[in-house]
Amino acid sequence: MKQLSEMSEREYSACVGQRPGMFVCRTSFHLLTAFLTGRPHALLHRAKSPAE
C-alpha cells in the first residue's frame with residue numbers, strides 16, 4: 001500500500017471511503033468532509049516544512 005501522502009485524490013478518497021473510522025473517530029458526513037477538505041492544506045504545509 002502507498003503512503004497516504006503519495007496517493008492521488010481519487011485513491012485517497014477510495015481508501016477513506018472503505019474504512020472511514022480509521023481516519024476520523026466517529027463516522028459522520030461532517031467529520032469526513034472536514035478531514036478530506038483539510039488534506040490539501042496539510043500536504044501544502046508538509047511541503048513547506050524542512051526536510052526530515
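This is a predicted model: local features need pLDDT of at least 70, side-chain atom pairs count only at pLDDT 80 or more; totals for chains, interfaces and linings use all residues.
Residues are numbered from 1 along each chain as its sequence is written, and side-chain values use heavy atoms, with hydrogens and water left out.

Met-1 is placed in the segment before H1 and is exposed, its relative accessible area being 83%. In this classification, buried means under 20% relative accessible area, exposed over 50%, and partly exposed in between (1.4 Å probe, protein chains only).

The secondary structure of the protein consists of two helices and zero strands; helices (H or I, at least four residues) and strands (E, at least two) are DSSP runs, numbered from the N terminus. Buried residues account for 15% of the 52 residues. The accessible surface of the protein is about 4,500 Å², and 59% of this belongs to carbon and sulfur atoms. Accessible areas come from the Shrake-Rupley method with a 1.4 Å probe, and for residues only the protein chains shown count as cover.

In helix H1, which spans residues 9–18, the buried residues are Tyr-12, Cys-15 and Val-16. Viewed down the axis of H1, these buried residues fall within an arc of 95°, so they line one face of the helix; the arc is that of the directions from the helix axis to the C-beta atoms. An α-helix has 3.6 residues a turn, so residues three or four places apart point the same way. Arg-10, Gly-17 and Gln-18 are exposed on the other side of H1.

Met-7 also belongs to the segment before H1, but this residue is buried, at 12% relative accessibility. Apart from neighbours within four places in sequence, the contacts of Met-7 are Met-1, Lys-2, Tyr-12, Cys-15 and Arg-39.

Helix H2 comprises residues 29–48 and includes Thr-37. Leu-36 is likewise found in H2 and is partly exposed, at 31% relative accessibility. With neighbours within four places in sequence set aside, Leu-36 is in contact with Tyr-12 and Val-16. Leu-36 and Glu-9 are 27 residues apart in sequence, while their C-alpha atoms are 9.5 Å apart in space. Thr-37, by contrast, is exposed, with a relative accessible area of 58%.

How values were computed: Contact means heavy atoms within 4.5 Å.
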